[in-house]
Amino acid sequence: MLQRLLFLSLISYSLLHAVPSFSQMKEAVKANPELLNTPQAKAMMKEKGVTKEDVRKQLVNDEMSSKVTDVKDIENNIDIVETNETNETNETNKLGKRLNPFTYKTNEELRVSLNSKHQLLTHKKLTRYSDRFYANKNIIDSASLPTPDDYTISTGDILELHIYGDRSEMHELEVKNDGSVELEFIGPVRVGGLSYLELQKHLEKRLKSHYKSSSFKIILSKYSSIQVTLIGDVKYPGIYNLSSFSTAKDLLVESKGVRENASIRDIVIKRNGKSVASLDFYDLLFEGKDLSGVLLKHGDIVIIKKAKKLVGIDGYVNSASVFELKENETLTKLIEYAGGMKADASKRHIKIDRYSENSIFETFNISYRKAKNFKMKDGDRVYIYKLDDSADRNVNIYGNIIRPGSYRIDDNATLNKLLKSHLSTGLKKFFLPETYFAYGILKRYSDTLSYETISFNLEKVLAGKQTLTLHPKDEIFIFSKNDIGSSEYITTKGDILTNDGKMRYFSGMTIRDAIFAAGTDGVMDERVRVTTINTPDHMPKTSFYSFEEDANVKLSPYDEVEVYDYYETHLLQPVSIKGEVVNPITVFYETGMTLANLLDSSGGITPMAFLNKVEIVRYYIDEKNNRDKKVIYVSLKDINPQEYVVEAYDEVTIYKIPNWSDKRVVTLKGEVKFPGDYTIGNSEKLSSLIKRAGGYTNEAFVEGAVFTRDSIRVKQIEQYNASLAKIKRELALYNAMPANSKKMASSGADTSTLNDVILEAKKYQPVGRISMKLQKDLEVFSESEYDLILKDKDTLFIPGHMDTVTVFGEVFNPTSFVYSSNMDLEDYITLASGVSRAADSSNIYVIHADGTSEPADSGWFSSSVEIAQGDTIVVPVYIKETNSLDLWDSVSRILASFAITAATLNTLGIM
């Protein structure tokens, strides 16, 4: 279709240019794809349902094909009418469908089945058989034909004059309107009306007068056109300009063919008032006779008469069409013109519809034997039927055989003879596996026009013990065991099977076959359970077998085979070891396992292992049948571990050598002579470590020492986070309560404060500080309660001399100020520009440099707190408990933690 579309697209191109060859037009589209955007091309592509890309692909395919076969491009112009052909198949039995000749059908289904057997006529519009001949628009190529001697030279002919010998020249001579040609050095020479042979002699004679030593060759390179007249029962009568070598067929192609009722079997050609030829196109179409010998001449008149007898034939013939018959041609000839009957056409049923004398409609039904004497009339319509079921001389065998379908039978046929003729090479060549030989069905269409069935025993038929006569159209059903009953199977069960469930049973199948087919994933117990119904009363019976001894026991259909996981019937008993071993582990107990085996499993003991005392917890069942335990202590120095046998469920503990601890490190920073990380011993105190660090420097400000402990920091962070979580939870619940929606305006400041607390909490994380009162005299300090026993990761920072006091919290200018012994708390707050409106003046407190704190007694205006170097004055925010939020104690703790952390960071020089 794409080829045709491409050709039509190129035709639109040729309307605007000189007409090129087909290959030239394809090359033009390749060179200029925009030609496909012309309105004509777009309309054609839309009509055919293709795109420009489809056409381009076709061009590529054509180009590839041209590379494979190098053949001269031959132009053929053929109008092709595309038709859709469908292949009809008749399924007798769908794959996988259970064979059942007794399948119930409703009345509607039965009616559909009967209607499908009707042989209904399909009245389609038939066309003239000769119409397809006009689709081929190719004409005789005059350049490929030799010029006949009697060809008459006329105006428009072009001659090629070749002069050779003493010179070599070629001249092209065109016959002018006055019938002359112009010869160089000679002048005009009249040639019109001469034959081709006369022309050659005449010109050679005239040329010899000038070219005395030369030879000449004269050929016709292009022929003049002729004008002929077409009249009669044609679509477009009139005058046509044709090539000189045109025939009547070329004229009809050029004129788009004849009309529907025109005759093509008596075409008359008149020349100079006389009939010179009468043509029958059927001689060409069916006999292959050459009509090209009758060439048209200038001035000829071609007459197309009205057909006298047009007859249509349809149905099971090879070429259903309308044919034109002559007076003496019969139905046999019509069928011959239609290509004969198809292989499945019926010779017994030929139907002819006829309109007699424009007043009577008649139908004739005849057989092919009478066709040769049956004369046709104009307008007859013939229909050839297909062979119906009544012509069937076969029987059909369905079901469990290798080649189901129809089988030919002779007279007096029996099923015994039919099967015997096909079983000479054995049952396997005819029947499929699992054939059920005890039963079969024969379905017959009886003389009473109804169906009946006869059941038979296939085994007895094969043995000749039962005889079954066959009639044409009998249907024989051979069943498989699966058609009669369910497929025999056995069932496998077990957690360790990879593919448990049903599997196909075959005779001779064993316990081993079933288990191996199911596959195992794990260790299988020796015991196998088989439950069978292959008993006299068909009641289940269960037996247990040993797989090692009984694996070859044969199974019966529908047996159930169950296997067990070895470790479900043999429980794994643990033994564990922990403590000072490389890899504390729990392993499964093995018979005869020793303490050495257990130690090896754990990777051995560590250097810290205490060999004098190994604890073994052992479980046992007492005399009252209760489970109890006892503790056993052994020394690895006194026993041989390779001989000491452990028992199932033993728990072995290897202790660490007393007083063996991991390395513990304390960090000293600031004003000590040798700051750094120090490894400490058991129960070493702070005073001892300071002495090891060389004591204090002269710049040490021991009153502001910051001592932190990691365990305290962790606890503080837990409490801190718990308080913070409580604030977030209470605030979310409060805001979510509908009753509080009206209070949002009045309590907006409170919730804003809480949100500020949550944001600030991210800045001030507890550091784990312990208040510490160091003294310059380490001997005196060693006697005080502050001389703590050190722990791993403890840190002591001793700042240098501090001469500032810090004011923190709700003041207008929170910062640090130079310490003065003459100033009190009030003075420092005044230096900070006083308290803000949000300050809680009644709860001001002081955090001293050593980490201790104390509140101002009764308001800061009458405070008795003594301010020292490195102290921090905290002015907290005023918390007005105007709502039911149960979290103000948490807020207070967090704010206090802010202040302590800020004071610590200030001492450390971070703030």
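Predicted model: local features only at pLDDT ≥ 70, side-chain atom pairs only at ≥ 80, totals over all residues.

Start by selecting Glu-182: at 41% relative accessibility, Glu-182 counts as partly exposed (buried is under 20% relative accessible area, exposed is over 50%, and partly exposed lies in between, using a 1.4 Å probe and protein chains only).

Residues are numbered from 1 along each chain as its sequence is written, and side-chain values use heavy atoms, with hydrogens and water left out.

**More salt bridges**

Next, pick Lys-773 and Asp-850. Their side chains form a salt bridge at 2.5 Å, N to O. Lys-773 is in the loop between strand E34 (769-770) and helix H21 (778-781), and Asp-850 is in the loop between strand E38 (845-847) and strand E39 (853-855), so the pair ties together parts that are 77 residues apart in sequence. (Helices, H or I with at least four residues, and strands, E with at least two, are DSSP runs numbered from the N terminus.) Which end of this pair is buried and which is partly exposed? Asp-850 is buried, at 9% relative accessibility, and Lys-773 is partly exposed at 35%.

For a network, select Arg-265, Asp-280, Lys-326 and Glu-329: salt bridges that share partners join them into one.

Then go to helix H5 (residues 107-115), where Glu-108 and Arg-111 are three residues apart and so separated by about one helical turn. Their salt bridge brings the closest N and O atoms to 2.9 Å. Glu-108 is partly exposed, with a relative accessible area of 46%, and Arg-111 is partly exposed with 46% as well. Searching the whole structure turns up 27 salt bridges.

**A three-stranded sheet**

Switch to cartoon view and find the open sheet with strand order E2-E1-E5, paired antiparallel (two strands pair if DSSP finds at least two bridges between them). Strand E2 (169-174) and strand E5 (214-222) are at the edges with a single partner strand each, so one side of each has no neighbour in the sheet. From one strand to the next, the twist averages 20° (axes are lines fitted to C-alpha atoms, for helices over the stretch in contact, and angles run from 0 to 180 degrees between N-to-C directions).

Strand E1 (residues 158-165) is joined to E5 by eight bridges and to E2 by six, with a three-residue hairpin connecting E1 to E2. Select His-162 to look both ways: its bridge partner in E5 is Lys-217, and in E2 Met-170 stands opposite. Helix H7 (residues 196-208) lies across E1 and E5, at about 140° to E5.

**A five-stranded sheet**

Now find the open sheet ordered E22-E21-E25-E23-E24, with mixed pairing. Its edges are strand E22 (501-504) and strand E24 (541-546), each with a single partner strand, so one side of each is left without a neighbour in the sheet. Neighbouring strands here are turned by 25° against each other on average, direction ignored. Four bridges link strand E21 (residues 489-493) to E22 in an antiparallel run, with Tyr-489 opposite Arg-504 in E22.

**A buried loop residue**

Where does Asp-233 sit? It is in the loop between strand E6 (225-232) and strand E7 (238-243). Asp-233 is buried, with a relative accessible area of 15%. Beyond neighbours within four places in sequence, its contacts (heavy atoms within 4.5 Å) include Val-258, Arg-259 and Ile-304.

**Zooming out**

To finish, show the whole chain. The chain has 23 helices and 40 strands, and buried residues make up 40% of its 911 residues. Among contacts with a separation of 6 or more, 62% come from residues 24 or more positions apart.

Note on methods:
Salt bridge = Lys/Arg side-chain N within 4 Å of Asp/Glu carboxyl O.
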